[in-house]
Amino acid sequence: MADVNKQIAPKCAKFAAGAVVCVESEIRGDVSIGARTVVHPKARIIAEAGPIIIGEGNLIEEQALIINSYPENIMPDTEGVEPKTMTIGTNNVFEVGCVSQALKIGDNNVIESKADLGRNVILTSGCIVGACCQVNTCEVIPENTVIYGSNCIRRVQTERPQPQTLQLDFLMKILPNYHHLKKTVKESTTPVRNAPSSSSRNMLKSKSNTGEENAWINTALAAKKTNRYCSPLTEKEHNDTLKTKNRARPHMAN
């Protein structure tokens, strides 16, 4: 029974340090995302039929869907089906609303808005799949191929698309200001709050306070830690504090 539980236990996604993955994105299954890859809110990455490995410097925009799904003639509970890994290279762009089921994608490709890549397509490198184009054939698309228009016309360009370095740098600075991020493997994004600054600590150490001031500082710090209201010192507690302070002064002078 323990072996069965191990087999059906879902695997967690892994995000390399430097990846920016918004909490509002949907990521399921065994997914690995490389450094400097940006995943926008509402993007979906779903690993059903096998793991998904995404390289560095990729841009996955809103409502884009990257899915490693089962073929139409195979059900998820079919026995003897080996998982197939989906591999995505570096510096690829998945624009708004596109769908990608291709098991192998190279580098420096652009899948434009509403484009659809089938499971049996192999996208090499430097290719552009135009907006609303559907490529569901079983083929290897040559490098630097451009697919465009309602009839999916093809041509070969001389240079491959440039990496979106400036856009990635901009998004990596802006998105954390407006969205919560999923934690990466090596570093935590949880900020430390309510910690006193070094200048505040130095002021408290260097300032010579009376017994009453010391008592108020201690009660204020205790209230801040416990996040509750502390009542002021009674007259008896105030007098005892002053007496203790006066008795300690001769010893300090010696």
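Here is a walk through the model, from its confidence scores to its cores and salt bridges.

What you're looking at is a predicted model, where local features need pLDDT of at least 70, side-chain atom pairs count only at pLDDT 80 or more, and totals for chains, interfaces and linings use all residues. Residues are numbered from 1 along each chain as its sequence is written, and side-chain values use heavy atoms, with hydrogens and water left out.

Let's start with pLDDT, the predictor's confidence in each residue on a scale from 0 to 100. The chain averages 80, and 66% of the residues score at least 70.

Now for the inside. In soluble globular proteins, nonpolar side chains tend to be buried together. Here the largest nonpolar core has 33 residues, and I33, I45, I60, F94, L117 and L123 have the most contacts inside it. By nonpolar core we mean a set of buried Ala, Val, Leu, Ile, Met, Phe, Trp, Tyr and Cys residues joined through side-chain atoms within 4.5 Å; buried is under 20% relative accessible area, exposed is over 50%, and partly exposed is in between (1.4 Å probe, protein chains only). Strands β4 (31-33), β6 (44-47), β7 (52-54), β10 (86-88) and β16 (121-123) each put in at least two residues. Helices (H or I, at least four residues) and strands (E, at least two) are DSSP runs, numbered from the N terminus. A second, separate core of 11 residues includes V38, L59, V93 and L175.

Take L123 as an example: leaving aside residues up to four places away in sequence, its contacts include K104, I105, N109, L117 and I141.

On to charged pairs. The whole structure has 5 salt bridges, each a side-chain nitrogen of Lys or Arg within 4 Å of a carboxyl oxygen of Asp or Glu. One of them joins D30 and K14, with the closest N and O atoms 3.2 Å apart. D30 sits in the loop between β3 (26-28) and β4 and K14 in strand β1 (residues 14-15), so the pair ties together parts 16 residues apart in sequence. K14 is partly exposed, at 40% relative accessible area.

R160 and E143 pair up too, at 3.4 Å from N to O. R160 is in the loop between β21 (153-156) and α2 (165-178), and E143 in the loop between β19 (139-141) and β20 (145-148), so this bridge links parts 17 residues apart in sequence.

Key
Contact means heavy atoms within 4.5 Å.
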